[in-house]
Amino acid sequence: MKPQYIKFVGKHPQAEKEKRVYKETPDASWKNYGCSYDEEYFKIDIDDYDHKTNALDEPIHENPRSEAVLSLLEAQRVKYNAIRTEHGVHLFFKKPSFLEAKNKINWYCFIGIKMEAKFPASDDHIPLMLNGVERQFIKGSEIGRAS
């Protein structure tokens, strides 16, 4: 994957889609930026905390939903990449050929966990730095990765 970087305002690209200028590397002066990602991938966005109240939203055994999902992925030795966010986690996977590339907002997946599925075809981007603070990357199941 070869991401293209772009200046953000908050969690979204600064310019309108038609006026965007992407760069090979982020500009050192940008306090907020993100990147595009290839259409062979999709993003699962799990927000553990309510954006208005900051209260834990639909916990699983009193723990954040994203932690339950990460534990499940690790237990099954599933390879994934993720970014820790202020409210939860963004998980990135290769898109299976049968999966329709259509955003699913406030969707309950087959194991009953509320999340959102997002796709680059719908102009989704990955926020990487917000207010000068880089987000934390997670490389999932090292157990399942070949040496």
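**Entry 1**

I began with F93, which has 17% relative accessibility and so counts as buried. I take buried as under 20% relative accessible area, exposed as over 50%, and partly exposed as in between, with a 1.4 Å probe and protein chains only. The model is predicted, so I noted that local features need pLDDT of at least 70, side-chain atom pairs count only at pLDDT 80 or more, and totals for chains, interfaces and linings use all residues. Residues are numbered from 1 along each chain as its sequence is written, and side-chain values use heavy atoms, with hydrogens and water left out.

Next I searched the whole structure for aromatic pairs and found five. Rings of Phe, Tyr and Trp (its six-membered ring) pair if their centres lie within 6.5 Å; planes under 30 degrees apart are stacked, over 60 edge-to-face, and the rest tilted. Y37 and F92 make an edge-to-face pair, with 5.9 Å from centre to centre and 80 degrees between the planes. Y37 sits in the loop between β3 (33-35) and β4 (41-47) and F92 in strand β6 (residues 88-94), so this pair ties together parts that are 55 residues apart in sequence. I looked up both Y37 and F92 for burial, and both are buried.

F93 pairs with F42: the ring centres are 5.9 Å apart and the planes stand at 35 degrees, so I call the pair tilted. F42 is in strand β4 and F93 in strand β6, so the pair ties together parts that are 51 residues apart in sequence. F42 is buried too, at 10% relative accessible area. I also noted a cluster in which ring pairs link Y5, W30 and Y33.

For these names, helices (H or I, at least four residues) and strands (E, at least two) are DSSP runs, numbered from the N terminus.

**Entry 2: E116**

I found E116 in strand β8 (residues 114-118). E116 is buried, with a relative accessible area of 15%. The side chains of E116 and K118 are joined by a polar contact of 3.2 Å. A polar contact is a pair of N or O atoms within 3.5 Å; within protein, one must be able to donate a hydrogen and the other to accept it, and residues adjacent in sequence count only if both atoms are side-chain atoms. Leaving out residues up to four places away in sequence, I listed what E116 touches: K43, I44, D45, K104, I105 and N106. Contact here means heavy atoms within 4.5 Å.

**Entry 3: helix α1**

L70 lies in helix α1 and is buried, at 7% relative accessible area. L70 touches Y80, R84, L91 and I138, again not counting residues up to four places away in sequence. From L70 to Y80, ten residues along the chain, the C-alpha atoms are separated by 9.4 Å. L72 is also in helix α1 (residues 65-75), but L72 is partly exposed, at 39%.

**Entry 4: loops**

I looked up F98 in the loop between β6 and β7 (104-108). F98 is exposed, with a relative accessible area of 73%. F98 and K23 are 75 residues apart in sequence and 32 Å apart in space, C-alpha to C-alpha.

Last, I checked phi. Most residues other than glycine have a negative phi. D123 is not a glycine, yet has a positive phi of about 70 degrees. D123 is in the loop between β8 and β9 (126-130) and is partly exposed, at 28%. N131 has a positive phi near 55 degrees. N131 lies in the loop between β9 and β10 (133-134) and is exposed, at 66%.
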